[in-house]
Amino acid sequence: MKKMKIYADGAVLEEMVEAYKSGAVSGFTTNPTLMKRAGVASYANFAKEVLKTISDLPISFEVFADTLVEMEAEAIEIATWGENVYIKIPIMTTTGETTIPLIRKLSAKGLKLNITAIMTGEQVEQTVESLSLGTQNIVSVFAGRIADSGRDPIPYMVAAKKCCAQKAGTELLWASPREVLNIFQAAELGVDIITCTPEIIAKYQAAGKDLEQISLETVQMFYRDSQALGYTVFE
């Protein structure tokens, strides 16, 4: 079975460079929300600064316009930033308009695309159908958000994997994992990529730790915190 790739998800330059230098990840994803949280002032300047260091691993930058015409212009500009750049296109606009016509148009130009915010099997099928043969693309299915809705994401990912396999050069990405277990689940299904926060990546590197030891460390943590706060049961 092909080894699944782990991409780091974030927008803190120092953390991205650290992950890159560690060799623990195979690529990177970003989005405007993560950039907002990180206090990024200029999208273009941030991206170009990142690419000064990370120029040989895949990295996705998202368009943020809300019309197909404006998205297209942004996508063409983002594509000029580097050979390793994938352009993230949301599956729909904020009004619910499908972006499939734009995806088809950009793919026909040979651009590397990462279609994001996908939740349904129909969205996967429409996306894969719209991608041009001979192009490199990522289909990002938000398994974590599917799970948040109370649905089991596994059947969705199994179906998505079968669909993506029909189009050479198309990789399935498990987006928004909630815990380390999701990494093992994705790998078992043969998912191509999973994108993780630095926190989940750090936990994953400690996977397999003895449960008795984890139990002890948990009790020690509770004790340290109660002592630090000076708690007492007695008045």
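Author: Start with a crossing: α4 and α5 cross in the right-handed sense. Right-handed means that the near helix is turned clockwise from the far one by less than a right angle, left-handed anticlockwise. This is a predicted model: local features need pLDDT of at least 70, side-chain atom pairs count only at pLDDT 80 or more, and totals for chains, interfaces and linings use all residues. Residues are numbered from 1 along each chain as its sequence is written, and side-chain values use heavy atoms, leaving out hydrogens and water.

Reader: Which residues make the contact of α4 and α5?

Author: L68, M71, E72 and A75 of α4 meet L102, K105 and L106 of α5. Contact means heavy atoms within 4.5 Å. By class, five of these residues are nonpolar, none polar and two charged. Nonpolar covers Ala, Val, Leu, Ile, Met, Phe, Trp, Tyr, Cys and Pro; charged covers Asp, Glu, Lys and Arg; the others, Gly among them, are polar.

Reader: Why are α4 and α5 called roughly parallel to each other?

Author: Their axes come within 10 Å and cross at roughly 30°. Angles under 35 degrees count as roughly parallel, over 145 as roughly antiparallel, 65 to 115 as roughly perpendicular and the rest as oblique. α4 and α5 are therefore roughly parallel. Axes are lines fitted to C-alpha atoms, for helices over the stretch in contact, with angles from 0 to 180 degrees between N-to-C directions.

Reader: Which residues of α4 are buried?

Author: In α4 (residues 68–78) they are L68, M71, E72, E74, A75 and I78. Buried means under 20% relative accessible area, exposed over 50%, partly exposed in between (1.4 Å probe, protein chains only). Their cover includes β3 (59–62), β4 (85–90) and α5 (100–108).

Reader: What makes the barrel?

Author: Eight strands close in the order β1-β2-β3-β4-β5-β6-β7-β8, with parallel pairing. The twist averages 30° from one strand to the next. Helices (H or I, at least four residues) and strands (E, at least two) are DSSP runs, numbered from the N terminus.

Reader: How do you know that β5 and β6 pair?

Author: Two strands pair if DSSP finds at least two bridges between them. β5 (residues 113–118) and β6 (residues 137–141) have four, in the parallel sense. I115 has V139 of β6 as its bridge partner. Four bridges also join β4 to β5, again parallel. There, P90 stands opposite T116 in β5.

Reader: Why is β5 called largely enclosed?

Author: Five of its six residues are buried, so the rest of the structure largely encloses β5.
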